[in-house]
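Q: I am new to this structure and would like to learn how to read its features. Could we take them one at a time?

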Amino acid sequence: MDMYDVAVVGAGPVGGYLARRLNEHGHSVLLIEEHPEIGRPFQCAGLVNPKAMEMVGLETSVLTSIWGANIHSPLGNPVSIGNPSRIRTFSVCRKIFDEGVVAQAIRTGTDLALSSKVVAAEVYDEYVEIDIETNEGLRHAKCKLLCGADGAHSWVRRHFKMGRPKEMMIGFQIEVTGYDGDEGMLDMYTGSSIAPGFFSWAIPSGSTTRIGTWTVAKRMDGRSSEDYLNYLLSNRLLNSRFHNCTEIGRYCGPVPSGIVSKIALPRVVLLGDAAGVCKPTTGGGIGPGFEQVELVVPMISGYITSNALGGRQMKRVNSIMNDMRRKQRRKKALRDAFLTEMSDDELEGIFSVWARPDVTELINEVGEIENPIPLGIAMLKEVPEFRRLASRAAKAILWG
Ligand SMILES: Cc1cc2nc3c(=O)[nH]c(=O)nc-3n(C[C@H](O)[C@H](O)[C@H](O)COP(=O)(O)OP(=O)(O)OC[C@H]3O[C@@H](n4cnc5c(N)ncnc54)[C@H](O)[C@@H]3O)c2cc1C
């Protein structure tokens with residue numbers, strides 16, 4: 001039986017990055033992926049923020065650098081933000097990005113097992129034993145620590161009954177040619193007929209554009225994500241941009257947000273989508289997943305070295321996530337106050353204020369897609385029209 005310090009289930013971006021960082025802390029790692037190749041299939045709009053990009057240095061995967069956004073009100077009135085001199089995010093090829101992350105792990109010493117699915121795991125006092133289904137039959141391995149980086153429907157999370165992310169959004173996306181967008185800018189579309197409580201997007205990705213929508217099941221009123229996307233494509237207020245689009249691919253998947261109450265049990269830790277770390281404001285999971293790895297690895301590394309991975313230690317691993325949990329709750333509260341809980345009429349009113357030059361300037365100055373809290377607070381303080389929202393937002397931020 002193979003013995004490793006750590007077995008990481010799932011060779012997505014978070015599993016790959018985790019494996020590399022564990023190697024760099026001196027630990028042996030087995031990275032287990034059920035699919036025969038890395039980066040396929042994927043469900044992603046492919047946005048990677050500059051901080052996450054810096055952690056892996058995979059600029060070769062960038063298809064388009066994005067500096068701005070046109071945000072469209074429910075009636076199609078756009079507000080344009082951003083400045084070409086400041087890149088806000090990168091649109092990447094997820095296949096090249098994921099392969100790059102996993103290749104870095106292999107270079108630092110990780111053993112990668114493809115076409116290998118973890119189907120059983122048992123925790124003992126000194127180690128964890130796992131069964132892995134492969135094309136050659138069942139393989140067994142032992143590790144000190146089992147990490148679940150196995151995505152939104154995490155097998156590890158379900159097997160060890162570690163709870164569920166608080167919110168499971170549904171993302172649906174098509175890839176098209178022929179979209180009439182502005183260079184270096186993404187489009188965001190709002191309105192209950194397009195993405196109730198959330199938004200739709202059109203993201204330039206090299207020679208194609210990714211057009212998608214996300215929302216939660218309870219707001220969908222019996223319609224499917226495809227119905228909402230079709231409505232966006234045929235909306236007469238917006239559709240000049242979609243006239244010449246030809247679909248070349250489609251993707252659908254969950255976006256788990258709301259960090260599970262216990263990310264760690266004796267000898268088991270969840271990371272990335274498995275732990276529910278996606279951003280409630282954008283649905284992005286790669287940046288927060290990398291951030292979680294950076295937070296957790298230094299602590300678990302010490303415990304792995306001493307093979308002390310019991311209840312007391314894992315309680316500490318759980319607590320180290322509290323700050324991230326609090327920030328995620330605040331972002332969700334702001335999103336709810338400014339977007340999710342608004343009627344289309346209220347949103348239209350907000351857009352008319354956002355379109356004012358002084359407010360657009362404020363958005364450009366303080367706005368950060370990654371951290372909307374400073375902008376939200378500045379707007380509540382400095383824009384008189386938003387003050388009526390202040391108590392709703394403040395309560396949500398403080399107590400949410
Ligand atoms: C439509 C849509 C658009 C999105 N857009 C963005 C975006 O623009 N930017 C962004 O940052 N995020 C985006 N996300 C979210 C992003 O895709 C995820 O947050 C990200 O992929 C999470 O990475 P991960 O490594 O945690 O999980 P995953 O990428 O899901 O990787 C998990 C891996 O585990 C493997 N696995 C699962 N179970 C087992 C098992 N039992 N044994 C072995 N292997 C297993 C899977 O095959 C998979 O390869 C989007 C999501 C959706 C649905």
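**Reading strands, loops, domains and a ligand shell**

A: We can start with a pair of strands: two bridges join strand 3 to strand 7 (residues 89–92), and the two run antiparallel. Keep in mind that the model is predicted.

Q: Which residue stands opposite Phe90 of strand 7?
A: In general, strands of a sheet pair through backbone hydrogen bonds, either parallel or antiparallel. Here Val48 stands opposite Phe90.

Q: In what order do the three strands of the open sheet lie?
A: The order is 3-7-4, with antiparallel pairing.

Q: Which residues does a cis peptide bond join?
A: Most residues other than glycine have a negative phi, and most peptide bonds are trans. In this model the bond between Arg40 and Pro41 is cis, with omega about -10°. Pro41 sits in the loop between strand 2 (29–32) and strand 3.

Q: What is the phi of Ser115, and where does Ser115 lie?
A: Ser115 is not a glycine, yet its phi is positive, near 45°. Its place is the loop between strand 8 (111–113) and strand 9. Ser115 counts as partly exposed because it has 15 C-beta neighbours inside 10 Å.

Q: Where is Asn307 found?
A: Asn307 lies in the loop between helix 6 and helix 7 (311–319). Asn307 also has a positive phi, about 50°, although it is not a glycine. With 14 other C-beta atoms within 10 Å, Asn307 is partly exposed.

Q: Into which domains is the protein divided?
A: The division gives domain 1 (2–45 + 94–165 + 260–320), domain 2 (65–91 + 167–256) and domain 3 (327–399). Ten residues from domain 1 and 16 residues from domain 2 make up the contact between these two. On the domain 1 side there are five nonpolar, four polar and one charged residues. The C-alpha centres of domain 1 and domain 2 are 31 Å apart.

Q: How many residues surround the ligand, and why does it lie between domain 1 and domain 2?
A: The shell holds 37 residues, and the closest are Gly10, Gly12, Gly171, Gly272 and Gly285. Both domain 1 and domain 2 give residues to this shell, so the ligand lies between them. Among the elements that each supply at least two shell residues are helix 1 (13–24), strand 12 (167–177) and helix 6 (286–305). By class, the shell has 15 nonpolar, 17 polar and five charged residues.

Methods
Residues are numbered from 1 along each chain as its sequence is written. This is a predicted model: local features need pLDDT of at least 70, side-chain atom pairs count only at pLDDT 80 or more; totals for chains, interfaces and linings use all residues. A residue is near a molecule or strand if its C-beta atom, placed from the backbone, lies within 6 Å of it. Helices (H or I, at least four residues) and strands (E, at least two) are DSSP runs, numbered from the N terminus. Ala, Val, Leu, Ile, Met, Phe, Trp, Tyr, Cys and Pro count as nonpolar, Asp, Glu, Lys and Arg as charged, and the others, Gly among them, as polar. Domain bounds come from an automatic or database domain assignment. Two residues are in contact if their C-beta atoms, placed from the backbone, lie within 7 Å. Two strands pair if DSSP finds at least two bridges between them. A residue is buried if 20 or more other C-beta atoms lie within 10 Å of its own, exposed if 12 or fewer, and partly exposed in between; C-beta atoms are placed from the backbone.
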